[in-house]
Amino acid sequence: MSSTPILGRYQIKTNFLPQPTQTVKLLQTDKAKEFLDHELEECKKLLEIEPDSKWAILTCFKLLIAKRDPESKHQAAILAEKLKVLDPAHSAYYSYLLASK
């Protein structure tokens, strides 16, 4: 029996997708850190223009979580609190994202 999922009569090839451990290794490279820092700076520029933009705050929040260092985690916690005020319906989601990384 094949482990490849089948949808209708078409086989779905999933071996091209990165595995979770590969993703973590990719995020730990210098290029990845450089990329995250660049994207975070761009996101902060957007926040200067629109400080209450939920989507800009959420993007910065997720970038900070991806950096995986204590200072970034602290900054992400501050943004999570702001997101909970702006979008109380999803406050549990923001808490979950902060706690899970």
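The legends below describe close-up views of a predicted model.

**View 1. Overall layout of the predicted chain.** The protein has five helices and two strands. From the N terminus on, the order of elements is β-β-α-α-α-α-α. Of the 101 residues in the protein, 24% are buried. Contacts between residues at least 6 apart in sequence were also sorted by separation: 45% of them join residues at least 24 apart.

**View 2. Helix 2 against helix 3.** Helix 2 spans residues 30–49, and its axis comes within 9 Å of the axis of helix 3. The two axes cross at roughly 155°. An angle over 145 degrees counts as roughly antiparallel, so helix 2 is roughly antiparallel to helix 3. The crossing is left-handed. From helix 2, the contact is made by Leu36, Asp37, Glu39, Leu40, Cys43, Lys44, Leu46 and Leu47. Helix 3 contributes Ala56, Ile57, Thr59, Cys60, Leu63, Leu64, Ala66 and Lys67.

**View 3. Helix 3 against helix 4.** Helix 4 covers residues 70–86. The axes of helix 3 and helix 4 come within 9 Å and cross at roughly 155°. The two helices are therefore roughly antiparallel to each other. Their crossing is left-handed. On the helix 3 side, the contact residues are Lys54, Ile57, Leu58, Cys60, Phe61, Leu64, Ile65 and Lys67. On the helix 4 side, they are Ser72, Gln75, Ala76, Leu79, Ala80, Lys82, Leu83 and Leu86.

**View 4. The edge-to-face pair of Phe61 and Tyr94.** The structure holds two aromatic pairs. In this one, the ring centres of Phe61 and Tyr94 lie 6.4 Å apart, and their planes meet at 85°. Planes over 60 degrees apart count as edge-to-face, so the pair of Phe61 and Tyr94 is edge-to-face. The pair links distant parts of the chain. Phe61 sits in helix 3 (residues 54–67), Tyr94 in helix 5 (residues 91–100). The two residues are 33 residues apart. Both Phe61 and Tyr94 are buried. Phe61 also belongs to the helix 3 contact with helix 4.

**View 5. The aromatic cluster.** Ring pairs join Phe61, Tyr93 and Tyr94 into a cluster.

**View 6. Lys54 over the ring of Trp55.** Lys54 lies over the face of Trp55, at 4.4 Å from the ring centre.

How values were computed. Residues are numbered from 1 along each chain as its sequence is written. This is a predicted model: local features need pLDDT of at least 70, side-chain atom pairs count only at pLDDT 80 or more; totals for chains, interfaces and linings use all residues. Side-chain values use heavy atoms; hydrogens and water are left out. Rings of Phe, Tyr and Trp (its six-membered ring) pair if their centres lie within 6.5 Å; planes under 30 degrees apart count as stacked, over 60 as edge-to-face and the rest as tilted. Helices (H or I, at least four residues) and strands (E, at least two) are DSSP runs, numbered from the N terminus. Buried means under 20% relative accessible area, exposed over 50%, partly exposed in between (1.4 Å probe, protein chains only). A charge sits over a ring if NZ of Lys or CZ of Arg is within 6 Å of the ring centre and within 35 degrees of the ring normal. Axes are lines fitted to C-alpha atoms, for helices over the stretch in contact, and angles run from 0 to 180 degrees between N-to-C directions. Angles under 35 degrees count as roughly parallel, over 145 as roughly antiparallel, 65 to 115 as roughly perpendicular and the rest as oblique. A crossing is left-handed if the near helix is turned anticlockwise from the far one by less than a right angle, and right-handed if clockwise. Contact means heavy atoms within 4.5 Å.
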